[in-house]
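Here is a short report on ring pairs and a pocket. Keep the sequence and the 3D view open as you read.

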Amino acid sequence: MRGYFGIGIEGASKPFNVGTLFRSAHAFGASFAFTVDADFRDERANVADTSRASEQMPYYHFPDHDHLFLPDGCRMVGVELTPDAIELPSFKHPSRAAYILGPERGNLSQEMQDQCDFIIKIPMSFCVNVAIAANIVMYDRLISLGRFAPRPVRAGAPTEPKPEAFYGGWISRTRDKRKADPEKFRQAPPPDYSVIDGTLDDDDD
């Protein structure tokens with residue numbers, strides 16, 4: 001799967017939720033995890049993070065939204081139940097994305113929402129645990145951007161094989177131009193710069 005993603009939580013206060021989120025992020029192949037304005041004990045989060053995700057991928061703690069920074073070209077995607085949020089099944093995931101979820105008993109701050117390129121929501125009747133919501137988002141990204149065999153029409157296993165990866169050939173703009181006008185790129189032999197008594201040969205004038 002091309003691209004990369006990171007996932008984080010704003011205002012976290014329950015270490016077990018953070019540990020579970022980080023463990024899931026590690027399992028889904030996240031490139032990094034982060035917290036913003038979090039208040040929890042790291043050692044308690046490690047109880048839930050049995051894979052020691054923080055030792056396997058970068059983890060960043062930002063004191064507030066003003067100090068949050070992302071890699072160049074990375075799009076911020078907020079996960080929040082707002083009236084105008086994009087429903088997750090209809091959302092096209094950016095190839096480079098950082099997903100941010102709100103705290104356990106609250107919402108993404110308005111300041112954080114303003115920093116997001118997109119706001120998405122999981123279509124459901126009421127909120128679920130923040131770690132569960134993160135798992136749903138990461139799973140949706142996996143099935144949307146990953147390479148899997150197509151689902152069959154009837155119930156059961158796929159009937160078609162997984163599509164093979166296609167890699168394009170080597171591209172050289174100079175080579176293509178040379179083919180179009182070979183005479184333009186034909187080179188004459190270099191002159192003889194041998195020096196005799198500090199001067200060039202007469203043939204080199």
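Are phenylalanine 5 and tyrosine 99 buried or exposed? Phenylalanine 5 is buried, and tyrosine 99 is buried too. Keep in mind that this is a predicted model.

**Ring pairs**

A pair of aromatic rings is described by the distance of the centres and the angle of the planes. This structure holds 8 aromatic pairs. Two of them are set out here.

| Pair | Distance of centres | Angle of planes | Type |
|---|---|---|---|
| Phenylalanine 5 and tyrosine 99 | 6.2 Å | 70° | edge-to-face |
| Tyrosine 60 and phenylalanine 62 | 6.2 Å | 15° | stacked |

Why is the pair of phenylalanine 5 and tyrosine 99 edge-to-face? Its planes stand at 70°, and an angle over 60 degrees counts as edge-to-face. This pair links distant parts of the chain. Phenylalanine 5 sits in strand E1 (residues 4-10). Tyrosine 99 sits in strand E6 (residues 96-101).

Now take the stacked pair, tyrosine 60 and phenylalanine 62. Tyrosine 60 is partly exposed, with a relative accessible area of 37%. Phenylalanine 62 is buried, at 5%. Both residues belong to a cluster: ring pairs link Phe32, Phe34, Tyr60, Phe62 and Phe69.

**The largest pocket**

Rolling a probe the size of a water molecule over the atoms shows where empty space is left. The largest pocket has a volume of about 290 Å³. It is lined by 19 residues. Closest to its centre are Pro103, Cys127, Val128, Val130 and Ala133. What kinds of residues form the lining of the largest pocket? There are 10 nonpolar, 5 polar and 4 charged residues.

Terms used: Residues are numbered from 1 along each chain as its sequence is written. This is a predicted model: local features need pLDDT of at least 70, side-chain atom pairs count only at pLDDT 80 or more; totals for chains, interfaces and linings use all residues. Side-chain values use heavy atoms; hydrogens and water are left out. On a 1 Å grid over the protein atoms alone, a cavity is a set of points where a 1.4 Å probe fits but cannot get out, and a pocket is an open set with protein on both sides within 12 Å along at least five of seven lines; lining residues have an atom within 4 Å of a point. Grid points are joined across faces, edges and corners, and a volume is the space filled by probe spheres set on the points. Ala, Val, Leu, Ile, Met, Phe, Trp, Tyr, Cys and Pro count as nonpolar, Asp, Glu, Lys and Arg as charged, and the others, Gly among them, as polar. Rings of Phe, Tyr and Trp (its six-membered ring) pair if their centres lie within 6.5 Å; planes under 30 degrees apart count as stacked, over 60 as edge-to-face and the rest as tilted. Helices (H or I, at least four residues) and strands (E, at least two) are DSSP runs, numbered from the N terminus. Buried means under 20% relative accessible area, exposed over 50%, partly exposed in between (1.4 Å probe, protein chains only).
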